[in-house]
Amino acid sequence: MSQFFDRPFSKAIASITIGALLAGVALYFIFPSSKVTRINAKDLAMKAVMQDGGGVAADSPFILSSSGSLDIDQVKALLAVQPHTELNFTKKSDKEIEVSAKEKLQPNHVYQFSIPTQDQKASWAFQVKGEFHSINTLPGNQATNVPLNTGIEVTFTHETYKDFEKYFSISPSVPGAFERHKRTTAFVPSKPLAPKTIYTVIVKKGLPLEKSDLKLEDELTFQFETTASDNGKLDYFELSTDQTEWSTTADQTILFRNGISKPTTVGSTIPAPQQTIAVAAYKMNNKNTYVTSYEKLINTTYWATFNRYQLKDILSSSAKVKELTAPIQYDNYQSFINLPEKLEKGYYLLAITLPDIENMEPRYMWVQVTPLATYVQLNQNDAVFWVNSTDTKSAVKGAKITFSDGSSAMTDATGVAKLSLPQTFYEKADPKNTSKTNQNSIHAEVTVNGEATVLFLDKYRPQKNLAKQYYTYGYTDRPTYQPT
């Protein structure tokens, strides 16, 4: 039986072998190799031609080199880059190929080149040179209630900066030592910071990078305020607003938040003593004093908790007209008081304290008592005003709305007027100098029969809850991790 199958079986094997060889040859020419042949990853290298301690120049070419010969067509087909970039290829020698971007690379971006080889993928990452600047501080700018044992940290875009100590200052002066952690330098005070104190930290411009022409182009300044004590206990009392208008006829109400518990005792039928708020009312001489004193507030240390106000000159020139106390009331977790005696029409500065908090600095509220009730709607480019009278309980026609830049409009029969916002209102804060408040204070005056009500539009500005107010956070120790 073996003889019966021998010849046909041999022919079949030969036919299959020849067919496979022909198919392999065809596939080789139809589908080229998907990896660089005859080369392992360790035999390849890639470097930037123009590079220093600050990174790769945006117009730098790259040299791909090998221990063996390189096929430029294979490299063109297989070399990948992320983010995607159109590339030019020039054969420099049998073992070197120059690779360059058709357009300049983006500053501060990381580009990753990769190419498959005979054993594994080879890859390289390059940081493109960009502006050297700070990206984070701890504490954050204008942070409050900062612990007395805090360290001060500054994180930069690059980690090769040098001589940081020569460019750093803190005021009031504090002794301490510096610790370096790659892109971050920490200043560690040798003793606790002073309580209820505003500290100003400056990193002067000119801070250099090693082996680079890059320097810190702009001075970095940030401020923070320390807490009251080092025991972690903080009694607080904060007004819901620091500027408002009151009617001459309705309740004159002050809303606030406080760190003293409600006057009830859990598990006890005996109520806690009734808490009270003390209010001293100072009547200002005129509208200009009212406006300038409030603008002074929002353009100085408005953000602080213990050093917010600088009002000695205002208080000395204003007459104290009332000293009142009122019991704290609660409604759906909102704390408030109603003044037991109404203030007459005029401009006032109220000094408000919670006697239960020892040595508490007063919280101040700017108040106008006026028969005009004005609703303001801020849009992207304009503001809509709706003016009504609490005396007549009707809309006010002919009220003149005037912005601080001099532009004005008159209300119609429905009490409505629209006015374009001054150009400076939505100016962005300067990101390179975080000490600036950049409030761009804008106020409007609503005038009827020669009497003006002042509206500060800053309080209508959208507010953001900034992450810099938090002390628990995480960040990587480097901007890029290369594959291993």
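Me: Where does Asn108 lie?

Reply: Asn108 lies in the loop between strand S7 (96–101) and strand S8 (110–116). Strands here are DSSP runs of E, at least two residues long, and helices are runs of H or I, at least four residues long, both numbered from the N terminus. This is a predicted model, in which local features need pLDDT of at least 70, side-chain atom pairs count only at pLDDT 80 or more, and totals for chains, interfaces and linings use all residues. Residues are numbered from 1 along each chain as its sequence is written, and side-chain values use heavy atoms, with hydrogens and water left out.

Me: Why is Asn108 called partly exposed?

Reply: Its relative accessible area is 34%. Buried means under 20%, exposed over 50%, and partly exposed in between (1.4 Å probe, protein chains only). So Asn108 is partly exposed.

Me: What is the phi of Asn108?

Reply: Phi is near 60 degrees, a positive value in a residue other than glycine. Gln142 has a positive phi too, of about 65 degrees, and is not a glycine. Gln142 sits in the loop between strand S10 (134–138) and strand S11 (143–146).

Me: Why does Gln142 count as partly exposed?

Reply: Gln142 has 22% relative accessibility, so it counts as partly exposed.

Me: Why is the pair of Tyr290 and Phe456 called tilted?

Reply: The ring centres are 6.2 Å apart and the planes stand at 40 degrees. Rings of Phe, Tyr and Trp (its six-membered ring) pair if their centres lie within 6.5 Å; planes under 30 degrees apart count as stacked, over 60 as edge-to-face, the rest as tilted. So Tyr290 and Phe456 form a tilted pair.

Me: Which parts of the chain does this pair link?

Reply: Tyr290 is in helix H4 (residues 287–298) and Phe456 in strand S34 (residues 451–456), 166 residues apart. Both residues are buried.

Me: Why is Phe187 called buried?

Reply: Phe187 has a relative accessible area of 4%, so it is buried. Phe178 is partly exposed, at 28%.

Me: What makes Arg180 a charge over the face of Tyr161?

Reply: The rule asks for NZ of Lys or CZ of Arg within 6 Å of the ring centre and within 35 degrees of the ring normal. Arg180 lies over the face of Tyr161, at 3.6 Å from the ring centre. Tyr161 also belongs to a cluster linked by ring pairs, with members including Phe132, Phe178 and Phe187.

Me: What makes S30 and S33 a strand pair?

Reply: Two strands pair if DSSP finds at least two bridges between them. Strand S30 (residues 400–403) and strand S33 (residues 443–448) pair in the antiparallel sense over four bridges.
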